[in-house]
Amino acid sequence: MIRFLLPIVILAALVALLVVGLNRDPSYVPSPLIGKQAPSFSLPRLDDPGRTLSNQDLGGDVALLNVWATWCSGCRQEHPFLMELSRTADVRIFSLNWKDDPDLARQWLATLGNPYTATGVDQDGRAAIDWGVYGAPETFLIDAGGKVLYKHIAPLNAEVWQREFLPRIRQARGQHP
């Protein structure tokens with residue numbers, strides 16, 4: 001009898017796991033960095049390779065760190081929204097240009113506009129590994145003390161901004177949500 005029940009129980013467990021997995025948000029991947037200090041990094045800046053962008057630059061107020069590349073179609077999709085945020089939102093936007101050609105990245109920003117306060121060039125991808133980057137685009141929300149508050153995987157848009165980022169920004173600034 002148990003010989004016949006065991007496969008049925010295993011199949012039922014697998015079906016239950018599948019149903020749970022299908023009901024989850026595919027853009028949500030938990031990050032071990034949430035609630036922890038942002039990883040240390042120091043990268044040459046895209047606009048001036050003689051200067052650096054580091055995790056120290058992210059502190060002082062809430063900031064975004066956007067991971068992008070010119071070869072990333074999702075990055076092109078979210079770029080107009082990042083431009084809008086840079087004009088309308090009271091938040092600094094930094095970026096990591098990830099595994100990209102710096103000349104193409106400079107050309108991209110010259111053509112499409114530059115929403116970033118500063119961009120670090122992460123050509124070998126080592127900084128992104130420390131940040132737990134799975135792919136581009138990804139956007140991290142960092143508090144004034146340099147702690148990672150949230151990570152979003154996928155192009156950023158107005159709906160995600162309203163639902164996920166604004167409440168956390170208001171809470172980080174001590175404002176009512």
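In which strand is serine 54 found? I located serine 54 in strand 2, residues 52–54; strands (E, at least two residues) and helices (H or I, at least four) are DSSP runs, numbered from the N terminus.

I note that this is a predicted model, in which local features need pLDDT of at least 70, side-chain atom pairs count only at pLDDT 80 or more, and totals for chains, interfaces and linings use all residues. Residues are numbered from 1 along each chain as its sequence is written, and side-chain values use heavy atoms, with hydrogens and water left out.

**Entry: serine 54.** I read a relative accessible area of 13% for serine 54, which is therefore buried (under 20% relative accessible area; exposed is over 50% and partly exposed in between, with a 1.4 Å probe and protein chains only). Setting aside residues up to four places away in sequence, I found that serine 54 touches Phe41 and Ser42, contact being heavy atoms within 4.5 Å.

**Entry: the disulfide.** I searched the whole structure and found 1 disulfide, defined as a pair of cysteine sulfur atoms within 2.5 Å. Cysteine 72 and cysteine 75 form the disulfide, with their sulfur atoms 2.4 Å apart. The angle about the S-S bond is 85°, and the link is right-handed. I then checked accessibility: cysteine 72 counts as buried at 5%, and cysteine 75 counts as buried at 2%.

**Entry: glycine 74.** I placed glycine 74 in helix 2. Glycine 74 has a relative accessible area of 12% and so is buried. Leaving aside neighbours within four places in sequence, I found glycine 74 in contact with Pro137 and Pro155. The C-alpha atoms of glycine 74 and proline 137 are separated by 6.2 Å, although the two residues are 63 residues apart along the chain.

**Entry: helix 2 against helix 3.** How do the axes of helix 2 and helix 3 cross, and within what distance do they come? I found that the axes of helix 2 (residues 73–88) and helix 3 (residues 102–112) come within 11 Å and cross at roughly 50°. Helix 2 is therefore oblique to helix 3, since angles under 35 degrees count as roughly parallel, over 145 as roughly antiparallel, 65 to 115 as roughly perpendicular and the rest as oblique. Cys75, Arg76, His79 and Met83 of helix 2 make the contact with Trp108, Leu109 and Leu112 of helix 3. I recorded the residues of this contact as 5 nonpolar, 1 polar and 1 charged (Ala, Val, Leu, Ile, Met, Phe, Trp, Tyr, Cys and Pro count as nonpolar, Asp, Glu, Lys and Arg as charged, and the others, Gly among them, as polar).

Note on methods:
Axes fitted to C-alpha atoms, helices over the stretch in contact; angles between N-to-C directions.
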